Every structure is written in C-alpha cells, then in structure tokens.
Amino acid sequence: MTVDYTRYDEGRGMNYWEVDPVLRREVERVYSDDEYVWGEDRFDEFGRLVGERVADNSDVIDDNPPELDTYDKEGEVINRVRYHPAQHENDRIAFENGAVADSFRTPPERDEPMPVTHSLAHYYLICYTDIGLACSVSMTGGAALVLEQCDDDGRLDEYFDALTARDLDDLREGAMFLTEIQGGSDVGANETTAVPAEDGDGYRLEGEKWFCSNIDAGVALVLARRPDAPEGTDGLSLFVVPQDDGIRASGDIFYRRLKEKLGTKSVPTGEVELRGVRGYLVGEPERGFKYMTEMLNYERLTNAFGSCGTMARVLLESKVHAADREAFGKVIEEHPLMKKDLVDMTVTHEGATALSFEAADALDAYVRDEDDEAYRAMRVLVPVAKYRTGEDAVEMAAYAMEILGGNGYVEEFPVERLLRDAHVAPIWEGTSNILALDVLRAMQKEAAHNVVLDRIDGYLDGVTTDAAAPLAERVAEERDGLEEAMNEVATTGVEGAQVRAKQLADYIYDVYTAALLVAEAERDARDGDGRKTVVARRFVDQHLGNGRLTDETPLEWFEEIAKYRTVGTDEL
Ligand SMILES: Cc1cc2nc3c(=O)[nH]c(=O)nc-3n(C[C@H](O)[C@H](O)[C@H](O)COP(=O)(O)OP(=O)(O)OC[C@H]3O[C@@H](n4cnc5c(N)ncnc54)[C@H](O)[C@@H]3O)c2cc1C
C-alpha cells in the first residue's frame, strides 16, 4: 500500500481511520482477534465522522466557544454554560458511537465490554481535530473507571450508569475538580472540606477549585477533606458531586468565571466555589488520593493518545502540503531536507503510538485482570508515555506550522489551532517534571523498573530474522546502559535522583520504544513485510545514535516510511 497525499487539498474531509495505517496496526497488535473484527467497522465509521463532521464543527466551535451565564436576567444565579449547536453535534457523534460506553458496557453483538484501550483509540481519532472535545470524553471515561474500580458496594451505580450511557439524553458527562489555587501538582495542599450533611444524605462540600474543565458536567469527582482528617494526601477523600439545573441554581455551587485559554476552547474550564454543595463519598474515606490516581492513570493515557492523534493530524497536514506546494521548481517533499523532516516526524509519531498502546494494554491487564506485572509496567509506562508524547506533540505541531510556511501561522489553516491546543498536553494531568518524578516513585515503591527491563528483554529475545537481529543487538546494548542508569539513580541521594529524573524518563522511552518497534519489525518480517524494520532502524538511529550526522535513509526510504509503502523483506 501507499498513501497518496496528492489526492487531498487539506487534512480533512476524509476518513482518519483509513488514512492512518499506524493506528490500524497498533489496534490490531493489542486487540484480540474477535475484538479487532468487532471494532474495525466501527472505527471505520467513526474515523469518517471525525474526518468530516467533527473536523468542520471544531473550527466553528473554536470561533464560538462556550460562554458562561452566571446570572439570569433577574439576577438569580443559574451557572449555565451556553454551547454552539455544533458542539452538541460533536458530543452526539463521540458519545453515541460508543467512545466511552463500549469500554464499560457490553455493546451490541458482544458478550462483554471492549477493553479500555478501545475508548483510548477513539480518543486518538477525536484528537485529529479537537483536544477540547476529547477532554470531556476523557473525563467521562475516567470518572466511569473510578466508579467501576472503587465503588465496591454499588451505592453510586446510578452515576456509573449515567456516565456510561450511549444515548446522549441519558448521559451525564464527567469532570474532576482537583486543583486549588494553592496546589495543582501539590494536591496534598487541598483545603476543600466535606462535613456530613445535616439530613444524613451524603456530605456538604466547601472550598474553591481553580481549574475545572467540563465545568458543568453532571458527575464531578471532587477531592475534599473530612473533619479531623490528616494533612496532606493521606487526609483526602473523594466525592461524587452531581450537577443538574436545580443544583446549579441552588446557590450551593458557584461558577465564578471561565478561563480565557490559549486553546482547547471547546471545553469550558472555570473556577468553582463549592458553597455547601452535596457530595457522596466514593469508596472508603481518606482513600481519595489513591482513587484519584486510578483516574489520573487513565487521564494521562488519554493525554498520550490525544498527543499521538494530534501528531497524526499535523503530520497529515504537513504531508498533504508538501506533496502539493512547489518551491525551486519542484514539490517541496522532493527536497532532501524536507524528506528528512517528514521521515523523522513519521517515525516519531509511530514510536509514540506504539508506546502509548503498550501502556494502555498494561493498564487494561491491570484494571480488568488484576495482573500485578502489568500494574508495575503501567506505573512506569503511563507517566513516560504522557510526558514524551505531550512534548513531542507540541514540537511536531510547531514544526508542522513551519512546513505550511506563512500559511501555517494563519488562523484559517488548522495547524494554528492544533498548536494552541497541543500546548496543554504537557501541563494538565501532571506537568512533565511531575511525571518524571512519578517514574522515580514507581521505581522506589514498586521496583517497577525491573518489570520494564524484563519486558525489553522479552521483546529482544525472540528476534532472529536477518533484518531485525542486528537492530536487536544494538538495542540490547542500550538496555544494559539503561539498567546502569537506573541503578545510578536508585543509589544516589534524593536530589541527585530528581535532577536526573527527566533524562531517565527519556532514556526509558527511547529504549523501550526501540525494543517494541524491533519486535514489531520481527513479527512483520516473518510475514514478508519489511517496512517496520526500516522504521525501527530509523528510530534506533534517531534516538540511540551517538549524535553523528544523519545517513541517507530519508532519501532511500522516503516513500516507504513517510507514505507507508509496503517493503518486501528481500528489498532490505
Ligand atoms: C486548560 C487547563 C485545564 C485544566 N483542567 C483541570 C481540571 O479539569 N481539573 C483539575 O483538577 N485541574 C485542571 N487543570 C490544572 C492542571 O492540572 C494544573 O495546572 C497542573 O497540574 C499544574 O499545577 P499548577 O498549575 O498548580 O502548577 P504548579 O504545581 O505550581 O507547577 C508550576 C511549575 O513547577 C513545577 N514543579 C512543581 N513541583 C515540582 C517539583 N517537585 N519538582 C520540579 N518541578 C516542580 C511544575 O512542573 C511546573 O512547571 C487544568 C489546567 C489547564 C491549563
């Protein structure tokens, strides 16, 4: 196969599932056969809807973002958010096509729900066009996951059912209100209180939340401290705060204002005062921070998948433009330096997508099968994937803007919005520094690095084909270097470990992703397909190289890498 980018004028009005062989390949890799057979047609339909309707609507919404009416004309508090009709259509497309529901409830023609990864793959497709829409979908899925995992006695079933409804009329979207003005990363600094309600029905919450995305969601998860609870994260409990028009107009909750944000304008993010609003305890008291981390693992993965979807779109825009625009007498994709740009962007996206699916597969095995090995792998892979894909998405969107030349900087072209949106990826759900520190915590508390090394070994051990074996040897050398680096960090003091944390996260990302791509190359090579070998080779050169100048791979293998042309193993 080859993707012919000259067929398009721009990166919309097409089926994003169809034009994305990397997504299709990763879905096929981690899904069971029956999951793939069931999911394929649905992704085909969803990719078309996002590429056509959602993509167009997203631009309209960016120009007409949600607005807050705090008061009605009589001066009464109503806390109502007004949306453009295009937003309702996007919500309907996302939710009614099962972006959340199919991972939590048994969908038609199946015996059980799809894996959580299924929801994440939808998220990837949505982020071809709209990280804001994806945020509401992500928080709804995240809240559902928390209730699925932590509400043991089923007291909150009505909220789980509402979060996972397929029909928009029955759906209540999710939100999480964690951050307070004095503490975002430092959640233990939260001051919001929860006291038992006077009528015995739940709790009354008081405090201020500083960043609340999907502010008017029907089911908000809120962290608060009960009377006499200890300081710090150990004293936090988690509550469901239901919201409807009546509650919003009761005065028990107050939307102070919406943030004027750089991007993600389609999701309203605001400041909320909790003025005695009713909340219901999730699970056991004072375990809120632990429960919230369940949601955060999932949210961080949605962020990683979203960053990969964003990369896929800006890459698409870049390739479409480069196949059409002429400079110095030929289309710009024919210039050697542009070939290198497009090849390396493709490889970056492909590695990022492989690692994100790997992390999601580990999360699935942990939440659905309670697999301890997968839990420990997930504890490292999730923060590493969120950190690196977020940074890569910003860098790639910025460079895609340059590939579009002057037009890239103009609002009528989509990369400008995609870049604005992408900038949130390294910040929300934990900044890059916080994620790198989380990797250290996973190493220290769960010895999770040992599982990571074992998995790398597992991927490299079975590699025997002529094309992939030399690559496996190179990655194996780096794997030993990674083990040394991990030991160095583990045996140095706290400050020494922290100062190296981001470099270590990068190193884990590079070596693990290289091993993963080599294993994929091996599997494909056995079926006579050599393209992944070329990609893995380039990834290894790009990330595990020694800083020397590039070779001429981008010239020799441009069509195969950047346009996904099939390569016979005899051509390698
Ligand atoms: C558009 C948007 C939407 C959001 N939506 C929500 C939402 O729905 N719900 C919600 O709860 N929150 C939300 N947030 C808040 C977001 O999660 C926080 O802003 C983020 O976690 C960072 O927290 P902070 O703003 O307090 O920054 P700080 O914690 O003050 O961090 C500032 C800087 O210090 C660094 N830093 C902090 N601690 C350390 C350390 N120990 N070592 C090294 N560096 C450190 C950070 O990496 C960062 O660079 C949203 C934010 C944005 C921008």
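The model is a predicted one.

**Overall fold**

- The C-alpha trace spans about 75 × 55 × 45 Å along its principal axes.
- Of the 572 residues in the protein chain, 53% are buried.
- Taking contacts between residues at least 6 apart in sequence, 76% join residues at least 24 apart.

**Surroundings of the ligand**

- There are 22 residues around the ligand, and those that come nearest are Leu178, Gly184, Ser185, Phe211 and Ser213.
- Two or more residues of this shell come from each of β3 (174-177), β5 (203-213) and α12 (432-446).
- The shell around the ligand is made up of 10 nonpolar, 10 polar and 2 charged residues.

- How many of the residues of α4 are buried? The count is 11 of 11, and α4 is mostly covered.
- The buried residues of α4 include Val116, Thr117 and Leu120, and these three also meet α9.
- Also buried in α4 are His118, Ser119, Ala121, His122, Tyr123, Tyr124, Leu125 and Ile126.
- The cover over the buried residues of α4 includes α1 (21-30), α2 (33-63), α3 (85-96), α5 (131-150), α8 and α9.
- Helix α4 (residues 116-126) and helix α9 (residues 336-369) have axes that come within 8 Å and cross at roughly 145°.
- The crossing of α4 with α9 is right-handed.
- By class, the contact of α4 with α9 consists of 6 nonpolar, 1 polar and 2 charged residues.
- An α-helix has 3.6 residues a turn, so residues three or four places apart point the same way.

**Two further residues of α9**

- Ala359 lies in helix α9 and is buried, because 28 other C-beta atoms are within 10 Å, where 20 or more count as buried.
- Beyond its neighbours within four places in sequence, Ala359 is in contact with Leu301, Ala304, Met378, Leu381, Val382 and Ala385.
- With neighbours within four places in sequence left aside, the contacts of Thr348 are Asp392 and Met396.
- From Thr348 to Ile508 the C-alpha to C-alpha distance is 15 Å, and the two are 160 residues apart in sequence.

- Most residues other than glycine have a negative phi, and most peptide bonds are trans.
- Glu370 is not a glycine, yet its phi is positive, at about 50°.
- Glu370 sits in the loop between α9 and α10 (372-403) and is exposed, because it has 9 other C-beta atoms within 10 Å, where 12 or fewer count as exposed.
- Glu429 has a positive phi as well, near 60°.

**Gly283**

- Gly283 belongs to the loop between β9 (269-281) and α8 (288-324).
- With 19 other C-beta atoms within 10 Å, Gly283 is partly exposed.
- Neighbours within four places in sequence aside, Gly283 is in contact with Cys150, Asp151, Asp152 and Tyr291.
- Gly283 and Leu156 are 127 residues apart along the chain, and their C-alpha atoms are separated by 9.4 Å.

Conventions:
Residues are numbered from 1 along each chain as its sequence is written. This is a predicted model: local features need pLDDT of at least 70, side-chain atom pairs count only at pLDDT 80 or more; totals for chains, interfaces and linings use all residues. Helices (H or I, at least four residues) and strands (E, at least two) are DSSP runs, numbered from the N terminus. Two residues are in contact if their C-beta atoms, placed from the backbone, lie within 7 Å. Axes are lines fitted to C-alpha atoms, for helices over the stretch in contact, and angles run from 0 to 180 degrees between N-to-C directions. A crossing is left-handed if the near helix is turned anticlockwise from the far one by less than a right angle, and right-handed if clockwise. Ala, Val, Leu, Ile, Met, Phe, Trp, Tyr, Cys and Pro count as nonpolar, Asp, Glu, Lys and Arg as charged, and the others, Gly among them, as polar. A residue is near a molecule or strand if its C-beta atom, placed from the backbone, lies within 6 Å of it.
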